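Here are my notes for you to read with the model open on your screen. Have a look at the fold yourself before you go through them.

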Amino acid sequence: MAKEMKISFPGGLRVVAHYKGLVIETDQPVYAGGEGRAPAPFDLFLASIGTCAAYYVLAFCQQRNIPLDNIYVTQKTTRNPAAKRIEKIIIEVHLPPDFPKKYEAAVLKAIDQCSVKKHIIDNPEFELKAVSD
């Protein structure tokens with residue numbers, strides 16, 4: 001059975017999604033005519049990749065009782081100006097000097113399990129419909 005997300009238009013260029021009891025707000029940046037009061041949808045897309053990768057670092061470290069105090073993740077993108085698209089996403093996990101060397105490759109393998117990334121690589125089918133209520 002399909003899960004439903006209801007999306008509404010509260011004004012300006014804001015778009016709000018209601019999903020699983022949560023409210024996810026978006027807006028366009030000021031330079032694009034919005035108020036910049038919330039992330040743009042594409043910003044949320046990128047954040048979903050980075051936070052998913054970071055979640056797998058979190059889970060990996062928690063399972064091994066490795067402190068997370070000095071561990072963080074960065075995500076960088078490079079764009080193809082001609083295609084006007086991101087051509088590469090670089091995810092880096094920054095580890096402190098005392099991080100166990102034996103786990104460095106394993107933590108990268110954990111990041112590779114990110115379900116958001118997997119959905120991009122093995123993308124779902126899109127079906128678009130106009131429905132009259």
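The numbered points below go through the ground rules, the pocket, the rings, the core, the backbone and a few distances.

1. Ground rules. This is a predicted model, where local features need pLDDT of at least 70 and side-chain atom pairs count only at pLDDT 80 or more, while totals for chains, interfaces and linings use all residues. Residues are numbered from 1 along each chain as its sequence is written, and side-chain values use heavy atoms, with hydrogens and water left out.

2. The largest pocket. Its space comes to about 990 Å³. A pocket here is an open set of points on a 1 Å grid over the protein atoms alone, where a 1.4 Å probe fits, with protein on both sides within 12 Å along at least five of seven lines. Points are joined across faces, edges and corners, and the volume is the space filled by probe spheres set on them. The lining (residues with an atom within 4 Å of a point) has 32 residues, and Phe45, Ser48, Val116, Ile120 and Phe126 lie nearest the centre of the pocket. Two or more lining residues come from each of strand S2 (14-19), strand S3 (22-26), helix H1 (41-63), strand S5 (85-94) and helix H3 (115-121). Helices (H or I, at least four residues) and strands (E, at least two) are DSSP runs, numbered from the N terminus.

3. What the lining is made of.

4. Ring pairs. The whole structure has three aromatic pairs. Rings of Phe, Tyr and Trp (its six-membered ring) pair if their centres lie within 6.5 Å; planes under 30 degrees apart are stacked, over 60 edge-to-face, and the rest tilted. One of the pairs is Phe42 with Phe45, a tilted one with 5.3 Å centre to centre and 40 degrees between the planes. Both residues lie in helix H1, three residues apart, or about one turn of the helix. Phe42 is partly exposed at 44% relative accessible area, and Phe45 is also partly exposed, at 35%. (Buried means under 20%, exposed over 50% and partly exposed in between, with a 1.4 Å probe and protein chains only.) Tyr55 and Tyr56 make an edge-to-face pair, because their planes stand at 80 degrees, with the ring centres 5.3 Å apart. Tyr55 is partly exposed at 47%, and Tyr56 is partly exposed at 24%.

5. Arg64 and its rings. Which rings have Arg64 over them? Phe60 is one, with Arg64 over its face at 3.7 Å from the ring centre. Tyr103 is another, where the charged end of Arg64 sits 5.5 Å from the centre of the ring. The cut-offs are NZ of Lys or CZ of Arg within 6 Å of the ring centre and within 35 degrees of the ring normal.

6. The largest nonpolar core. Eleven residues make it up: Ala53, Val57, Phe60, Cys61, Ile66, Ile71, Val93, Phe99, Val107, Ala110 and Ile111. Ile66 is found in the loop between H1 and S4 and is buried, at 11% relative accessible area.

7. Positive phi. Most residues other than glycine have a negative phi. Lys20, in the loop between S2 and S3, has a positive phi near 55 degrees and is exposed at 62%. Lys84 has a positive phi of about 55 degrees; its place is the loop between strand S4 (72-80) and S5, and Lys84 is exposed at 64%.

8. Distances to check. Gly33 sits in the loop between S3 and H1, and its C-alpha is separated by 47 Å from that of Asp98, 65 residues apart along the chain. Ala38 lies in the loop between S3 and H1, is buried at 18%, and has its C-alpha 21 Å from that of Thr77.

Terms used: A nonpolar core is a set of buried Ala, Val, Leu, Ile, Met, Phe, Trp, Tyr and Cys residues joined through side-chain atoms within 4.5 Å.
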